[in-house]
Amino acid sequence: MVDGLRLPLAVLRRRSEPRTVVSDVLFDDLRVGDVVVVDGRVALDLEAEARGSDVVVSGTVRAAWTGTCRRCLAEVVGDVDLAVREVLAHDPDGQFGDGPSGDAYPLAEDEADLEPVVRDAVLLALPLSPLCGEACDGPDPERFPTRSPTGPGSEQDGPAGGDPRWAALDVLRDAGEAIGDDGS
Ligand SMILES: [Zn+2]
């Protein structure tokens, strides 16, 4: 349970303007594999607003994470910065039963608990297998190359790379372009 994320419905419904939740909140066990939110700390800038019998939560969620590079096992750090907008409803299935993406979060009888909203948002945004960088060569590039030995870009070069099997196509392509130029 996380303090500060349970909002009494009576208060939400009495006020005309949204209730804001701007604070750092500590979660237990916010991790995916070995990617873990630093200290479980999540920075919230949320608004909760009663709309009819529902509560709409929107705003931003930020957190820093650490993990290990999937290639070289070095420590990797990063952060998530999310825009969230979710609905809490007394009867989530009844109102939004037409698919997983339309599901609402459950709303208790007398309070709106934002914890599952925040927890899900962060967990979905954490990388499953982070890299220390796009250029990471792994722990031993000589013996276990992670990239094509001919180097980056060789695949994109295509016919211009000089492969004789493509030479005939080059000629055809050039001829076609020439005809196209004449016709215009
Ligand atoms: Zn790496």
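The four donor atoms around the zinc ion subtend angles of 103 to 112°, which makes the arrangement tetrahedral. By tetrahedral I mean four donors with all angles between 85 and 135 degrees. Donors here are N, O and S atoms within 2.8 Å of the metal, or 3.2 Å for Na, K and Ca; water is not among the atoms, so sites may look incomplete.

Some ground rules. This is a predicted model, so local features need pLDDT of at least 70 and side-chain atom pairs count only at pLDDT 80 or more, while totals for chains, interfaces and linings use all residues. Residues are numbered from 1 along each chain as its sequence is written, and side-chain values use heavy atoms, with hydrogens and water left out.

Back to the zinc. Which residues are its protein donors? They are Cys69, Cys72, Cys132 and Cys136, each through SG, lying 2.3 Å from the ion. Along the chain, the donors follow the spacing C-x2-C-x59-C-x3-C. Cys69 lies in the loop between strand E5 (54–68) and strand E6 (75–89), and Cys136 in the loop between helix H3 (115–125) and helix H4 (154–157), so this pair ties together parts that are 67 residues apart in sequence. Helices (H or I, at least four residues) and strands (E, at least two) are DSSP runs, numbered from the N terminus.

Buried or exposed, at 1% relative accessibility, for Cys69? Cys69 counts as buried. Cys136, at 7%, counts as buried too. The cut-offs: buried is under 20% relative accessible area, exposed is over 50%, and partly exposed is in between, with a 1.4 Å probe and protein chains only.

Next, salt bridges. I mean a side-chain nitrogen of Lys or Arg within 4 Å of a carboxyl oxygen of Asp or Glu. The whole structure has seven. Take Arg6 and Glu111: their side chains meet at 2.5 Å, N to O. Arg6 is in strand E1 (residues 6–8) and Glu111 in strand E8 (residues 111–113), so the pair ties together parts that are 105 residues apart in sequence. Arg6 is partly exposed, at 34% relative accessible area. Glu111 is also partly exposed, at 22%. Asp113 joins in: Arg6, Glu111 and Asp113 are linked in a network of salt bridges.

Two other bridges. Arg51 pairs with Glu49, with the closest N and O atoms 3.2 Å apart. Arg51 is partly exposed, at 41%, and Glu49 is partly exposed, at 25%. Arg119 pairs with Glu115, with the closest N and O atoms 3.3 Å apart. Both lie in helix H3, four residues apart, about one turn of the helix. Glu115 is buried, at 11%.

Ala89 and Ala108 are 19 residues apart in sequence, and 8.3 Å apart in space, C-alpha to C-alpha.

Last, confidence. pLDDT is the predictor's confidence in each residue, from 0 to 100. The chain mean is 81, and 70% of the residues reach 70 or more. Contact means heavy atoms within 4.5 Å. Over residues 153–161 the pLDDT is below 50, and that stretch has five contacts beyond near neighbours in sequence.

Note on methods
Four donors count as tetrahedral if all angles lie between 85 and 135 degrees; four count as square planar and six as octahedral if opposite donors are over 155 degrees apart and all others between 65 and 115; anything else is irregular.
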